[in-house]
Amino acid sequence: MTLAGLSLVTLLASLGTSSANVALPTLAQAFEASFQDVQWVVLAYLLAMTMFVVAAGRLGDLVGRRRLLLAGLALFTLASVLCAVAPTLPLLVAARAAQGLGAAAMIALAMALVGQTIPKARVGSAMGLLGTMSAVGTALGPSLAGLLLSGFGWRAIFLLNVPLGGVAFVLASRSLPVDGSAQPAARPAFDKAGMALLAVAIAAYSLAATPRGGFGIVNAALLAAAALGLALFVRAEARAPAPLVRLAMFRNAGIAAGFTMTAVVATVVMATLVVGPFYLSRALGLRPVLVGMVMSCGPLVAALAGMPSGRLVDRLGAKTTIAAGLAAMVLGCTALAVIPATFGAWGYAAPLMVITAGYALFQAANNTAVMAGSSADERGVISGLLNLSRNLGLVTGASAMGALFTLASGASDVATAAAGQVARGMHIAFGVAAALLAAALAVATISPRLGE
């Protein structure tokens, strides 16, 4: 029941990320709004989740992980109702931000509670199961939302979360161990200043890394604000009596390596989502339905490989499995960097499946390794930082790898570029991706405390 509840929690948070994208054209018509305005339905959720995932993890360490997970799940479910009944676009965006706050607690504390409640010999399998549910949510979200949209309208996409949230709440409340009853006087104070500074820095970076119409002065100013916010956050944490993030934890080479590798791997995974559709449609000339089928190979393989990957972690150890997963991803990216367009759709799909299988291996093993290296009273904040690393990697991948792809193609707009230009951009982008993963593999190999 514990694993079922935590798996459903992970699935809900993943569905919240992927399902709303399909409804954007419909929302633009329903609210008579521009595409740029309705994009905030997606951005509000992602920004709220990314900004507060570390704070949610730390707060769970202080007040009780079970208690805060249930509160986050209740907020997510209630916010889903508010999304479904929202009469205006600003209210829908506000409800989506509240939904993202709930999801921040859900994803941070689900992983922390696995490390707390599951026997050590089975943690890898449990992490693999969470990875599977995350991949299933990512893959299922667009197709499920499309069915609901055509049959019942856009409000049904959000109402679906209500019964699922209720089931998850019952499972979690009945199966998770009751939190300890530490007295408030003995509980460390929550670092509100640190939370605010980190949230500002993350928000500024996330907005800077999603330029519209090119990188301009606004994006540069946001990057500067992010750098300043990060510097002030580090200074505040060094002086705080009970910091949000204890800076000394980064002296643990295994934990620091886990965060770094997570960001690099997420950057490369996002490259497959950004570059792939253009290559398949422009260079190979595939119709949209075939592009969707080829792109779905990745999430499908990740979903199928999640639990077997977790079992391999339990049998072989985290460090060995991390290296195997990264090696598979290097192999897949190298194939995409050199394979000619004459191989057709399978020339992209086969390496993509190798990459996502390697990603499933890496994710299960790396999550297990990082959580194993954390102390019992910091599992929540460590889980939050791990999720933050992944989200920032996804944001960076969408911006940096997309810009590299465009630059390497030699075209001002890849949407209208010639087939040869798009193929060249894809080859160079994945050549750089392979080099990044090779560096991550070197880090995994030389890190002496990975998985300890």
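Which residues line the largest cavity? This is a predicted model, in which local features need pLDDT of at least 70 and side-chain atom pairs count only at pLDDT 80 or more, while totals for chains, interfaces and linings use all residues. Residues are numbered from 1 along each chain as its sequence is written, and side-chain values use heavy atoms, with hydrogens and water left out.

The largest cavity is lined by Met111, Thr262, Tyr359, Phe362, Gln363, Asn366, Asn367, Leu386 and Arg390. A cavity is a set of points, on a 1 Å grid over the protein atoms alone, where a 1.4 Å probe fits but cannot get out; lining residues have an atom within 4 Å of a point. The space in the largest cavity is about 80 Å³, a volume being the space filled by probe spheres set on the points, which are joined across faces, edges and corners. Helix α16 gives the largest share of this lining, five residues.

The structure holds two cavities of 30 Å³ or more. The second largest cavity has a volume of about 50 Å³, and its lining includes Leu15, Ser19 and Gly141. Helix α7 (residues 123-152) gives the most to that lining, with four residues.

The second largest pocket holds about 540 Å³ of space. A pocket is an open set with protein on both sides within 12 Å along at least five of seven lines. Among its 21 lining residues, Leu198, Leu230, Leu385, Leu388 and Leu392 are the closest to the centre. Helix α17 gives the largest share of the pocket lining, six residues.

Conventions. Helix = DSSP H or I, 4+ residues; strand = E, 2+ residues; numbered from the N terminus.
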